[in-house]
Amino acid sequence: MMPTGGGKSLCFQVSALVLDGMTVVVSPLISLMKDQVGALQANGISAEMLNSSNDESFNRDIINRCLEGKVKILYISPERLVGGMIQLLQQVDVSLFAIDEAHCISSWGHDFRPEYTQLGQLREAFSKVPIMALTATADKMTKQDILKQLNIQNAETFIGSFNRPNLSLDVKRGYSAREKLHSILELIHRHSGESGIIYCLARKTTEELAGKLKREGIAAGAYHAGMPNSERDRIQDDFLADRLQVICATIAFGMGIDKSNVRFVVHYNLPKSIESFYQEIGRGGRDGLPCETILYYNLGDIIILRKFATEGEQQEVNQEKLQRIQEYAEAQVCRRRILLNYFGELSDKDCGNCDVCHKPPQTFLGTTIVQKALSAIARTGEKVGFTTTIDILCGNMSADVASHQYNLLKTFGAGCDIPYRDWHDYMLQMLQMGYIEIAYGEDRHIHITELGHEVLYGKQAVHLAVISREDFSVKARRLRQLAGGPMTAEYAKNGESVELFNKLREVRKRIANEHQWPAYVVLSDRSLHHLATEKPTNLIAFGNTFGIGEHKRDTFGEEFIRVIKEFISQHGNMPVLNVATVSNTTEKSESYMERQKRLHANAYAPWSEESDNRLRQYVKEGISIEDIASLMERNVGSIKARIKKLEINTTESELPNDWFEDYEQELYRLQLEKAAIEKKINDIRSQILQEMEQRNLDKLNSAKYSVSYCPPRTIMQFDSKAFKEEHGDLYLSYCLPKEKEASIIVKRNTEE
Ligand SMILES: [Zn+2]
């Protein structure tokens with residue numbers, strides 16, 4: 001047992017090379033076989049695979065070569081093995097059986113494959129040949145089941161460390177779709193030209209997100225089980241060959257994907273279990289280089305996942321698994337410790353590479369807040385969902401509030417000092433901490449748990465997490481982009497040339513395309529970084545570079561060396577300076593002009609119309625002169641001079657231009673506006689009721705009428721005449737003097 005990316009395949013590949021005879025690897029997925037066979041062949045090892053995608057004469061040819069003892073490692077699907085190959089293999093000197101992804105044998109595991117259960121025959125048919133089972137799924141039941149089904153109960157068990165320190169862990173709670181997109185775009189910027197996977201819960205989301213990324217000029221593709229096979233294969237191949245940078249996929253993507261240079265893995269929604277989460281992030285950073293992982297989750301995810309978990313088979317197991325990943329997402333202690341403990345690996349040190357380690361979450365005494373929410377729920381008789389609860393707390397006269405007269409509750413408006421969004425977050429925290437639960441059978445109404453009652457009656461105090469949100473204003477984003485990614489900075493420190501790295505990457509892509517291999521099969525990212533730093537110019541030095549063996553040296557060496565030599569002849573064998581490295585360099589002999597040129601790439605470049613316009617735009621956006629200087633790679637003095645020359649009005653920039661671009665503030669402004677409108681509605685409401693009473697509009701009691709606010713968009717959609725016919729003449733539409741599009745609806749509360 002080893003985590004994804006921990007080196008499971010090495011266990012049988014190395015054994016295969018050491019032992020006489022042929023090793024048979026049983027693998028459930030063609031893509032997985034294809035990758036491993038490609039990688040072995042690229043290293044000069046005779047590996048083959050038998051599967052239904054080969055044509056039969058080709059398969060026969062492979063079988064003949066096996067019989068002649070010319071194949072060292074044979075990959076085969078379980079169907080083909082139990083469907084007639086066992087007899088044939090008895091004529092071959094088999095050194096070892098390796099059952100990869102062995103959890104597929106257990107109905108307890110998460111990828112059950114019925115044909116795997118027949119692999120028990122192997123023990124009888126080959127009583128002397130060792131059998132090895134490999135899996136990344138570590139729960140106890142699955143493990144016992146694997147040993148039992150394969151008839152290898154007495155086998156020794158080896159458990160590799162599940163720790164993957166190069167994967168950073170980050171969880172972001174309560175982001176809106178828009179914020180997620182901003183945050184993901186930034187992540188992709190940080191990893192310019194590098195591969196990443198974004199896992200989504202729904203098929204539709206994968207397509208929508210891929211569409212949005214494409215519109216931002218990113219080579220992205222969607223992948224899910226609802227797509228035709230040919231399309232899925234094409235997307236997967238494009239991703240493996242680095243023609244697609246980002247894959248937006250459901251969990252259907254990735255089993256057996258052996259791409260070594262995935263630099264970020266995002267969970268757009270909360271995953272179903274810690275196992276699937278760990279397996280999915282495990283597809284990143286397999287070459288040992290840093291890989292960034294981010295998990296986003298919000299209230300909507302939990303509502304949907306809980307619903308799934310209470311349907312179908314194995315409800316208890318599913319609910320338990322969901323509970324554990326929720327606890328992980330809400331953790332206040334080092335996340336890696338939680339993961340490792342989950343897989344039975346005790347760790348007593350914090351990792352220093354997760355968001356909790358970087359920035360320990362802060363809490364505050366939030367008992368009153370929680371009590372307010374619980375009280376609002378209790379006063380409705382536990383008959384409301386999240387939205388209405390928050391409407392009651394904020395004092396919003398929504399249709400639901402109006403029709404049930406929740407505005408008459410004591411708690412109506414009791415939490416109007418807290419913004420709507422923050423209530424959302426606190427309610428999520430309350431759900432996570434078990435003070436409330438969702439009644440799926442009752443229209444998703446919220447019920448207060450026993451624990452919740454203790455808080456409500458003041459028997460228990462509650463600590464809530466302080467809400468911290470990223471600043472996604474244009475200015476903040478630009479400045480973060482400017483700072484560059486952690487990777488760029490790290491490599492640049494060692495004197496690596498980014499330009500050469502990109503050139504080497506091109507060479508790798510060309511070779512990979514020629515052989516129809518994924519790019520990393522030719523050379524890993526790590527090897528490329530070493531080449532771009534060490535710049536070897538002969539085969540011996542090339543062969544001594546990290547991750548390059550004799551076979552690769554002799555096959556591809558010349559091509560890479562040619563490009564390195566070409567680069568050196570143009571640039572010299574000096575580290576190429578870039579923005580990230582200049583601050584460490586001080587050369588005394590440098591002239592002022594040289595220094596300016598080195599510090600600011602565009603220091604002496606003439607001003608074009610395009611750059612003038614950019615300058616005007618930056619000033620307008622209120623970006624400081626210093627920031628503009630770094631954005632435009634010029635010095636502060638020349639920016640100041642140009643602003644003067646073009647007579648750009650800088651006082652204008654002191655106006656709060658960012659104000660409208662800043663989502664948070666804009667939201668706040670809208671909330672204020674909404675509160676003002678709501679107040680007006682309430683005033684008008686009492687006026688109407690008064691008027692009705694004065695005119696003695698029949699014997700009607702004002703309590704029998706509800707008054708609600710109808711936002712402009714809704715009113716467009718209905719036909720006022722039909723509405724009048726249906727509801728009688730007691731339909732009044734008031735135009736507010738300023739917000740002339742908003743209307744007030746008064747209708748009789750009939751039983752229907
Ligand atoms: Zn940590």
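Two residues are in contact if their C-beta atoms, placed from the backbone, lie within 7 Å. Helices here are DSSP runs of H or I with at least four residues, numbered from the N terminus.

The structure above is a predicted model, in which local features need pLDDT of at least 70, side-chain atom pairs count only at pLDDT 80 or more, and totals for chains, interfaces and linings use all residues. Residues are numbered from 1 along each chain as its sequence is written.

Let's look at two helix pairs. Two packed helices are described by the angle between their axes and the distance between those axes. Axes are lines fitted to C-alpha atoms over the stretch in contact, and angles run from 0 to 180 degrees between N-to-C directions.

| Helix pair | Angle | Axis distance |
|---|---|---|
| α15 (residues 367-379) and α16 (residues 386-394) | about 110 degrees | 10 Å |
| α16 and α18 (residues 420-432) | about 130 degrees | 10 Å |

Start with α15 and α16, which are therefore roughly perpendicular to each other (65 to 115 degrees). On the α15 side, Lys-372, Ala-373, Ala-376 and Ile-377 meet Thr-389, Ile-392 and Leu-393 of α16. These residues divide into five nonpolar, one polar and one charged. Ala, Val, Leu, Ile, Met, Phe, Trp, Tyr, Cys and Pro count as nonpolar, Asp, Glu, Lys and Arg as charged, and the others, Gly among them, as polar.

Phe-386, Thr-389, Ile-390, Leu-393 and Cys-394 of α16 make the contact with Tyr-420, Trp-423, His-424 and Met-427 of α18. By class, this contact has seven nonpolar, two polar and no charged residues.

Conventions
Helices (H or I, at least four residues) and strands (E, at least two) are DSSP runs, numbered from the N terminus. Angles under 35 degrees count as roughly parallel, over 145 as roughly antiparallel, 65 to 115 as roughly perpendicular and the rest as oblique.
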